[in-house]
Amino acid sequence: MAKKEEKSLEIPKQEVIKADELERTRDRYCYIPKTDIYETEDEIILIADVPGADQDSVDITLEKNVLSINVLVDNNVHAGYDRIYSEYESGDFQRSFRLSDEINQNNIKAVVSNGELRLHLPKVEPVKAKKIVVKAA
Amino acid sequence: MYRRFRVPSIWREMDQLQREMNHLFEASGGKRVLGSPKYPAINIWANEESQFISAEMPGIKADDINIDVTADTLTISGSRVHDETVENTRFHRQERGYGPFARTIQLPFMIDTSSVDANFKNGVLDIKLQRAESDKPKKIAVKSE
């Protein structure tokens, strides 16, 4: 078992930097969700911090082995109040991961609770090596 | 800004410029602090009557958050716990922080401690604080004799 790294809670949010310079249509901040990935015997578990997200705001797509997580979060604005002090901005989340072939891509489960997105990526059954019998002619 | 019968003071102009710049930055949503000094990072929303303190605390259960108030301070404390580790677990990536936290905030006004309302939804904590009746500004009538 790999040693768990102790990280402090005070990690600032990190904005998404688009390599291809495509612009987003939403005028919002967009952050990279902080993610833990760990592997057990029969699945890979991915946990991402997506504060403010609920079941309907999370969009997960899987295309050509690339798993994309897109979260559109509603602005947490209090009508009739002025923001007098600010340490964080709320914003959307976006991140993609490349999956290996050892994951059963038809059986991925995703759960959102308490602002935490949890993906269960089950591993495929180990493929048995096929033995080819060589016949003598 | 140049006035005819006055020596233009460069310092005055500089002060003016600084004020304008400060105003420009403050206009977009209160005082900004990049990277919170402590966890959790907070935003404060206020009006005459009450204020909201909001904080993003993903992955923490509502039961694990403690909120303590006095007349003019608010303490948010709790702990984010690791997942139960199953045998033979191997970490590929670990970016999220864990552990206990506590933060005390000095409030800009005295509050009514009996009417504090805290709501935790989707990893976002919203605390509503009512301004104490005794602390509200009083209007003073000006008499003329």
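What follows is a short chat about a predicted model with chains A and B.

Visitor: What kind of model is this, and how are residues numbered?
Guide: It is a predicted model: local features need pLDDT of at least 70, side-chain atom pairs count only at pLDDT 80 or more, and totals for chains, interfaces and linings use all residues. Residues are numbered from 1 along each chain as its sequence is written, while chains are lettered from A and ligands numbered from 1 in the order in which they are written.

Visitor: How many helices and strands are in chain B?
Guide: Chain B has 1 helix and 9 strands. Both are DSSP runs, numbered from the N terminus: helices are H or I with at least four residues, strands are E with at least two. Along the sequence the pattern is α-β-β-β-β-β-β-β-β-β.

Visitor: How many residues of chain B are in contact with chain A?
Guide: 41 residues of chain B are in contact with 38 of chain A. Contact means that C-beta atoms, placed from the backbone, lie within 7 Å.

Visitor: Which strands of chain B supply at least two residues to that side?
Guide: β1 (31–32), β2 (42–46), β3 (50–56), β6 (90–94) and β7 (99–106) of chain B each do.

Visitor: New topic. Which residues touch the most others in the largest nonpolar core?
Guide: I42(B), I44(B), I53(B), A55(B), L125(B) and I127(B), in a core of 18 residues. A nonpolar core is a set of buried Ala, Val, Leu, Ile, Met, Phe, Trp, Tyr and Cys residues joined through C-beta atoms within 7 Å. Buried means 20 or more other C-beta atoms within 10 Å of the residue's own, again placed from the backbone; exposed means 12 or fewer, and partly exposed is in between.

Visitor: What does I53(B) touch?
Guide: Not counting residues up to four places away in sequence, I53(B) touches I42(B), I44(B), L74(B), I105(B), I127(B) and L129(B).

Visitor: Back to chain A. What order do the strands of the open sheet take?
Guide: The 5 strands run β1-β2-β8-β6-β5 in chain A, with mixed pairing.

Visitor: Why is one side of β1 and β5 left without a neighbour?
Guide: β1 (14–15) and β5 (58–63) of chain A stand at the edges, each with a single partner strand, so one side of each has no neighbour in the sheet. β5(A) pairs with β6(A) (residues 66–71) in the antiparallel sense over 6 bridges.

Technical notes
Two residues are in contact if their C-beta atoms, placed from the backbone, lie within 7 Å. Two strands pair if DSSP finds at least two bridges between them.
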